Amino acid sequence: MRLTGIRSAEAFTSLRNSLTGYIREQVMNLTPQDRMNLERARKVGEQLGLVLNPDLERALKVANGLAHNFAEYGKYYCPCKQSHPLNPEKDVVCPCPTLMEEIARDGHCHCRLYFHPANVQADPGQKLQRNET
Ligand code: SF4
């Protein structure tokens, strides 16, 4: 079920906060490095008014890709848009310049790391539980 028709800033904030709390609970079973990578990505998204993908497996894959690029190349190059091999002159760093365009157009960024709060499933627990089995 997609949430539509939520127009007030308070409703968005409330939804965003509850999802963030839910994701926080789920990350307790992850490795410390996974948790750190996800938490970093969450904080970046929060500053932009966005939430992480409630599909934790997907969010973690991208967050770990970003962390890997930071460790290897010194910047959080987008793992989904990068060249192979990575081209520091051309490749974009997260959050990328087209992020908000993608959010406005698709409700999520190209990598599906960040979502607009109105474009996440009403019950993220369903997806997370499926991922845990
Ligand atoms: S698409 Fe943009 S915002 Fe999303 S993970 Fe890649 S660089 Fe970050």
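The model is a predicted one, so to speak plainly about thresholds: local features need pLDDT of at least 70, side-chain atom pairs count only at pLDDT 80 or more, and totals for chains, interfaces and linings use all residues. Numbering starts from 1 along each chain as its sequence is written. Mean pLDDT (the predictor's confidence in each residue, from 0 to 100) comes to 83 for the protein, with 70% of its residues at 70 or more. Over residues 123–133 pLDDT stays under 50, and the model has 13 contacts beyond four places in sequence for this stretch; a contact is a pair of residues whose C-beta atoms, placed from the backbone, lie within 7 Å. Where pLDDT is low, the predicted coordinates should not be read in detail.

Five helices and two strands make up the protein's secondary structure. Along the sequence the order is α-α-β-α-α-β-α. Among contacts in the protein with a separation of 6 or more, 55% join residues 24 or more positions apart. Of the 133 residues, 28% are buried, that is, they have 20 or more other C-beta atoms within 10 Å of their own, against 12 or fewer for exposed and anything in between for partly exposed, with C-beta atoms placed from the backbone.

The largest nonpolar core holds 22 residues, and A41, A59, A63, L113 and Y114 have the most contacts inside it. Such a core is a set of buried Ala, Val, Leu, Ile, Met, Phe, Trp, Tyr and Cys residues joined through C-beta atoms within 7 Å. At least two residues of this core come from each of α2 (32–47), β1 (51–52), α3 and β2 (114–115), and α3 gives the most, with six. Nonpolar side chains tend to be buried together in soluble globular proteins. As for A63, its contacts outside the four neighbouring places in sequence are N37, L38, A41 and L113.

Helix α3 deserves a paragraph of its own. Buried positions in α3 are L56, A59, L60, V62, A63, G65, L66 and N69. Residues three or four places apart in an α-helix point the same way, because there are 3.6 residues a turn. L66 counts as buried because 24 other C-beta atoms lie within 10 Å. Leaving out residues up to four places away in sequence, L66 touches A41, Y76, P79 and C94. L66 also sits 27 residues along the chain from V93, with 8.9 Å between their C-alpha atoms. F70, another residue of α3, is partly exposed because it has 16 C-beta neighbours inside 10 Å. Beyond four places in sequence, F70 contacts K75 and Y76. F70 and V93 are 23 residues apart in sequence, and their C-alpha atoms are 9.7 Å apart. After α3 comes G74, with a positive phi near 85°.

The ligand is surrounded by 14 residues, the closest being C78, C94, C96, C109 and C111; a residue is near when its C-beta atom, placed from the backbone, lies within 6 Å. This shell has twelve nonpolar residues, one polar and one charged. In that scheme Ala, Val, Leu, Ile, Met, Phe, Trp, Tyr, Cys and Pro are nonpolar, Asp, Glu, Lys and Arg charged, and the others, Gly among them, polar.

A few backbone features stand out for a second look. Most residues other than glycine have a negative phi, and most peptide bonds are trans. The bond from H84 to P85 is cis, with omega near 5°, and so is the bond from C94 to P95, with omega near 0°. R112, which is not a glycine, has a positive phi of about 60°. R112 is in the loop between α4 and β2 and is partly exposed, with 18 other C-beta atoms within 10 Å.

Methods. Helix = DSSP H or I, 4+ residues; strand = E, 2+ residues; numbered from the N terminus. Contact = placed C-beta atoms within 7 Å.
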